[in-house]
Amino acid sequence: MEPRGSKSIPPLLSTICLVFAVLIHGCHCFYLPGVAPEDFVKGDELKVKVNKLTSTKTQLPYSYYSLPYCRPEKIVDSAENLGEVLRGDRIENSDYVFKMREPKMCNIVCRLVLNAKTTKEFKEKIDDEYRVNMILDNLPLVVPRQRLDQESPTIYQLGYHVGLKGQYSGSKEEKYFIHNHLAFTVKYHRDLLTDSARIVGFEVKPLSVKHEYQGKWNGDKTRLTTCDPNAKHTVVNSNTPQEVEDKKEIIITYDVDFQESDVKWASRWDTYLLMSDDQIHWFSIVNSLMIVLFLSGMVAMIMLRTLYRDISKYNELETQEEAQEETGWKLVHGDVFRPPSNSDLLCVYVGTGVQFLCMTLVTMMFAILGFLSPSNRGGLMTAMLLLWVFMGLFAGYASARLYKMFKGTEWKRIALRTAVMFPGIVSSIFFVLNTLIWGQKSSGAVPFGTMFALVFLWFGISVPLVFVGSYIGFKKPAIEDPVKTNKIPRQIPEQAWYMNPAFSVLIGGILPFGAVFIELFFILTSIWLNQFYYIFGFLFLVFIILIITCAEITIVLCYFQLCSEDYLWWWRSYLTSGSSALYLFLYATFYFFTKLEITKLVSGVLYFGYMLIASYAFFVLTGTIGFYACLWFTRLIYSSVKID
C-alpha cells in the first residue's frame with residue numbers, strides 16, 4: 001500500500017481518511033517502511049547480515065556466532081536500539097556477500113571440522129529446532145512453504161532451521177543433519193528508466209549435502225564434485241545429507257539467484273505481514289465485537305431506564321412517612337464518599353493506571369499512522385518504554401488529585417510511591433528472569449550498559465516527571481463531593497450471596513476479558529511463535545471496546561452494590577474490571593500447555609514470568625478504567641437527587 005498525497009485535500013481530512021482506510025482494509029496497518037529505499041545497479045555489493053538464532057521451543061535467543069559457523073576476519077556489530085537489545089537481537093556481518101543481479105552457483109564459504117564440543121553444540125540446537133535469521137537490505141530472510149491447499153497463497157517462515165533429525169532407509173538409528181548449502185533467491189524491482197533496482201524479497205531453500213572434492217583442500221578454489229559451477233551441476237535435493245558427527249568435515253556453500261518482481265519497494269513487507277490466516281482473524285474479531293457491542297447496548301439501556309426511574313422516585317418523595325420507607329442507593333449518601341481503607345495505595349494504583357492508559361493510546365495512534373514500521377526492529381518496544389517514562393507526568397497528576405480529594409496532605413510521599421512501586425515490582429521480576437537468561441549464556445540477557453540506561457530513564461526522567469505532575473495536581477483545588485459525609489459510618493446490612501465481594505469481583509472480569517481474548521491469541525502467537533503482529537487497526541478497535549466494557553460492567557455492579565446499601569465501592573470498582581487480568585493469566589497458562597512445545601524449566605519460568613508482568617500491567621490498566629467510570633457514575637447520581 002503506497003502513500004498517496006493530494007494538495008487539494010486538507011491535512012486533517014486526509015489523516016482521517018487514512019485512519020478509516022486502515023480500519024476498513026482488513027485492519028492491516030498502513031505502514032511507512034521506516035528507512036529510505038536504496039538503489040542498486042548491476043554489480044553492486046550486497047552484504048548479508050546475520051541475526052540471532054531463535055527457537056520457539058526454548059524462547060532463548062543466541063548470537064549467530066555462538067555456533068562455530070564461518071566467521072569473517074572481523075565481526076562488526078550493527079548499531080542496535082534499546083528495543084532490539086531487549087528483544088535479544090544481535091546483528092553482525094557475515095561471509096555471505098553477493099553482487100547485484102549476478103547469480104552465483106556453488107560458492108564455497110568455508111570448511112569446518114567438528115570436534116566433540118562443536119558436535120554437541122550443533123546437535124543441541126537441532127534438537128531445540130533453532131532457526132538462523134539473516135538480513136539483506138533490512139529485509140529478514142524467509143523460507144517459502146507451500147500449503148497443502150495448492151490454491152492458498154504461499155506462507156513464509158522466518159529464518160531456516162540449523163538442521164534436522166532423520167533416519168537412513170532401513171535403519172532405525174536417528175541421525176543429525178546440518179543445513180550446509182543455502183540456495184538464496186533475491187527478488188528485486190527494476191526501474192526501467194535508470195536500470196537500477198531495489199530489493200523486495202530475500203528467500204532461501206536450505207539443503208543438507210555431503211560435499212566431496214578432488215585432491216587437497218584449497219580454500220574457495222577447491223573443485224567440488226557434488227556441486228560445480230563450471231559443469232552447471234548444482235544441488236537440488238538432500239539425497240546424500242551431511243551428518244553432524246565428531247571429526248566430520250562440513251563444507252558450507254551457497255547459490256544465489258536473482259528474480260525480477262512486480263512488487264514495489266513500499267509494498268515489500270506485505271508478504272511478511274500476511275502470514276496468518278486473515279479470514280479467521282477477520283470473522284473472529286467481528287464476532288467478538290458484535291457480542292460485546294450487543295451486551296454493552298443491553299447494559300446501557302437497562303442502566304439508563306432504571307436510573308431514570310430511581311432519580312424521579314427519590315425527587316418526588318414528599319412526606320416523612322415516604323422518606324422513612326425509602327430503600328436503595330440514596331440511603332448510603334452519607335457514607336458513599338467516605339475515603340476507603342488503604343486510600344494511599346489506591347491513589348498510587350490509579351496514577352499508574354493513568355500512565356499505562358496514556359502510553360497505550362499514544363503507542364496505538366503511532367502504530368496506526370505507520371510510525372512503528374516492522375522494518376524498524378525494536379521500534380515498538382523502544383516507543384513504549386520512552387512513552388511510559390514521559391507519561392509519568394500524568395501518573396503524578398492523577399494520583400495527587402485523588403489523594404487531595406481524600407483529604408491527604410503529604411503529596412511527596414504519594415508521588416514517590418507512584419514513581420517507584422509498579423516499576424520496582426516489575427524490575428524485581430525482570431532482574432530474576434534476566435539472571436536466568438544470563439545463566440543460559442543467551443543473547444536475550446540484557447547487558448549491564450542497557451540496564452544502566454533503563455535505570456537512568458526511570459530515576460533520571462520518570463521519577464522527576466511524576467513529582468512535577470504531583471506538584472501540579474496537588475496545587476489544584478480539591479474535588480468537592482456532591483454530598484456531605486456523616487461522621488459515624490453506617491452499618492452495612494447482611495448481603496446476599498451473589499453480592500459477596502469476591503464473587504462480584506470475579507464475575508466482573510469475565511466480560512472485559514471476553515472482549516480481548518481472541519486478539520490475545522494473535523498477540524501471544526506473535527510473541528512466542530516468532531511471527532509478525534501488525535494488525536493495529538483491529539487492536540485499536542478492540543482496545544476501545546475493552547475501555548467501554550470495563551466501564552459499563554463496573555458501573556452496573558457498583559449500582560447493584562449501592563442498591564444493597566453497601567457503600568464500600570472504591571476498591572471494589574478497581575478490582576471488578578481489574579480481575580480480567582486473572583483470566584488473562586489463566587488463558588496464558590492454557591495457551592502454554594496447548595500451543596507451545598516448551599520443555600526446558602528455564603524457558604517455562606521465563607514464559608510465566610513475562611506473562612505475570614503482562615497480567616499485572618493489564619490489571620492496573622483495566623482497574624483504573626473501571627475506577628474512573630465508577631467515580632464519574634457515583635458523583636453523577638448523587639448530584640442528581642435532592643438530599644435533605
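Of the protein's 644 residues, 51% count as buried, meaning under 20% relative accessible area, with over 50% called exposed and anything in between partly exposed (1.4 Å probe, protein chains only). The model is a predicted one, so to speak of local features takes a pLDDT of at least 70, and side-chain atom pairs count only at pLDDT 80 or more, while totals for chains, interfaces and linings use all residues. Numbering runs from 1 along each chain as its sequence is written, and side-chain values use heavy atoms, with hydrogens and water left out.

Confidence first: pLDDT, the predictor's confidence in each residue from 0 to 100, averages 84, and 88% of the residues score at least 70. Residues 1-34 stay under 50, and the model has 66 contacts for them beyond four places in sequence, a contact being heavy atoms within 4.5 Å.

The fold holds 17 helices and 13 strands, taken as DSSP runs (helices H or I, at least four residues; strands E, at least two) and numbered from the N terminus. Among contacts with a separation of 6 or more, 81% link residues 24 or more positions apart.

Now for Pro447, which sits in the loop between α10 (411-439) and α11 (448-475). Pro447 is partly exposed, at 34% relative accessible area. Leaving aside residues up to four places away in sequence, Pro447 touches Val85 and Arg90. Asn434 is 13 residues from Pro447 in sequence, with 9.4 Å between their C-alpha atoms.

Ile510 belongs to helix α13 (residues 510-528) and is partly exposed too, with a relative accessible area of 44%.
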